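This report is written for a reader who is new to the structure shown below.

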Amino acid sequence: MRRTARLAVGLLLVSVLTACGLDDGPADSPPVPIPSNVPRDVRYTSADEVVAALVAAGLECKVQYRGELPRNGGSNARCTFEDNGRTIENEISVYNTEVIGEDDIGDALASRRDPPHGQTLVAGGNWFVRVVVGDTTRYAQKVATALRGALLPPFRDLPDIPEKPRYADLSALADALDRAVGCAQRKESDGVLRCRTNAWKPGFKCAKPDSDYDVTLFRYRTVAEREEELLMKLAEENVMWRITTAGNWLMVFRHTETRDKAARGMSAAAVDTVEPILEDKIYLDSPCNPDRRP
């Protein structure tokens with residue numbers, strides 16, 4: 001089956017008969033598997049059942065459109081709910097896996113997350129929902145919780161991220177940071193470690209009154225987990241992230257200059273918010289920019 005045909009299934013641009021009938025040539029590339037964090041046992045029989053689950057969870061999603069795929073291939077729908085005065089649109093696709101295989105679903109998920117689409121999805125064993133507004137994690141997380149699905153952020157064009165160095169635990173990662181830019185007054189909780197770099201000072205600009213730290217350290221079991229978390233952070237709306245990352249870890253800094261120095265000292269990549277966003281939009285919720293000079 002051609003990859004282009006599989007992608008068309010995900011985008012609902014061709015019929016199931018056409019998508020599954022193009023079998024007359026070698027595949028352009030191997031299929032993309034369904035991500036490992038997607039719960040395969042969370043399944044729905046129809047798009048209407050997905051809508052019902054959203055409503056049962058308190059998201060009053062009103063159906064704007066519903067349709068069926070040909071040849072009993074599945075169903076799709078579009079519904080909207082209101083969240084603090086904002087209309088959240090959800091595009092729902094549910095597949096009949098007797099007709100549509102896992103390879104097709106995996107390719108559909110990948111094609112929607114891949115640039116230039118860059119869509120935020122919530123997915124389960126035989127379904128996914130695109131949370132349209134903003135394609136951010138803010139509203140998608142509510143949908144994921146309601147449907148017991150996995151949140152899949154958009155893929156981004158990222159810089160080359162070194163596979164090493166890797167660290168056995170947060171303490172070893174903090175020691176490496178300490179050698180680069182300092183890591184004092186360490187506090188570890190909820191699986192992360194926070195500390196003060198050499199740039200920290202009382203009354204730190206843009207910090208909350210009770211904030212005692214200017215860097216947060218995260219460590220993951222695998223590179224894949226680290227990449228997924230990085231994409232998740234970059235998908236958040238109106239947040240300017242200053243990240244350095246490599247191997248199985250990443251760090252979030254308050255100041256760009258400190259982040260860049262740490263990246264050089266630790267042989268890591270520096271990553272900012274990827275999509276170009278106007279400054280007043282970046283700081284819509286928090287107007288302070290710690291890098292801005294008076």
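## Disulfides

A disulfide (a pair of cysteine sulfur atoms within 2.5 Å) joins Cys 183 to Cys 195, with 2.1 Å from S to S. This link connects distant parts of the chain, 12 residues apart: Cys 183 is in the loop between α6 (170-181) and β7 (184-189), and Cys 195 is in strand β8 (residues 192-196). Helices (H or I, at least four residues) and strands (E, at least two) are DSSP runs, numbered from the N terminus. The model is predicted: local features need pLDDT of at least 70, side-chain atom pairs count only at pLDDT 80 or more, and totals for chains, interfaces and linings use all residues. Residues are numbered from 1 along each chain as its sequence is written, and side-chain values use heavy atoms, with hydrogens and water left out.

The link of Cys 183 and Cys 195 is left-handed, with -110 degrees about the S-S bond. Cys 183 is buried, at a relative accessible area of 4%, and Cys 195 is buried as well, at 0%. Here buried means under 20% relative accessible area, exposed means over 50%, and partly exposed lies in between (1.4 Å probe, protein chains only).

The structure holds two disulfides. Besides the link already described, Cys 61 and Cys 79 form a disulfide, with their sulfur atoms 2.0 Å apart. Cys 61 lies in the loop between α3 (47-56) and β1 (62-69), and Cys 79 lies in strand β2 (residues 74-83), so the pair ties together parts that are 18 residues apart in sequence. The torsion about the S-S bond of Cys 61 and Cys 79 is about 85 degrees, so this disulfide is right-handed. Both Cys 61 and Cys 79 are buried.

## Salt bridges

Side chains of opposite charge can pair when their charged atoms come close. A salt bridge is counted when a side-chain nitrogen of Lys or Arg is within 4 Å of a carboxyl oxygen of Asp or Glu. A search of the whole structure finds 10 salt bridges. In one of them, the side chains of Arg 40 and Glu 102 meet at 3.0 Å, N to O. This pair links distant parts of the chain, 62 residues apart, with Arg 40 in the loop between α2 (16-21) and α3 and Glu 102 in helix α4 (residues 102-113). Arg 40 is partly exposed, with a relative accessible area of 34%, and Glu 102 also counts as partly exposed, at 41%.

A salt bridge also brings together the side chains of Asp 48 and Arg 66, at 2.9 Å, N to O. Asp 48 is in helix α3 and Arg 66 is in strand β1, so distant parts of the chain, 18 residues apart, are linked. Asp 48 counts as partly exposed at 38% relative accessibility. The side chains of Glu 91 and Arg 112 meet in a further salt bridge, at 3.7 Å, N to O. Glu 91 lies in strand β3 (residues 86-95) and Arg 112 in helix α4, so this pair ties together parts that are 21 residues apart in sequence. Glu 91 is partly exposed, at a relative accessible area of 25%, whereas Arg 112 counts as buried, at 6% relative accessibility. Elsewhere, salt bridges that share partners join Arg 259, Asp 260 and Asp 272 into one network.

## Helix α8

In helix α8 (residues 256-265), the buried residues are Thr 256, Thr 258, Arg 259, Ala 262 and Ala 263. They cover an arc of only 160 degrees around the axis, which puts them on the same side of α8; the arc is that of the directions from the helix axis to the C-beta atoms. Glu 257, Arg 264 and Gly 265 are exposed on the other side of α8.

The buried residues of α8 are covered by elements including α6, β10 (242-246), β11 (249-253) and β12 (269-272), where contact means heavy atoms within 4.5 Å. Just after α8, Ser 267 takes a positive phi of about 55 degrees.

Two strands pair if DSSP finds at least two bridges between them. β7 and β8 pair in the antiparallel sense over four bridges. Arg 194 in β8 is the bridge partner of Lys 187. The hairpin of β7 and β8 has two residues between the strands, and in this hairpin Asp 190 takes a positive phi near 55 degrees.

β8 also pairs with strand β9 (residues 215-219), in the antiparallel sense and over four bridges. Phe 218 in β9 is the bridge partner of Val 192.
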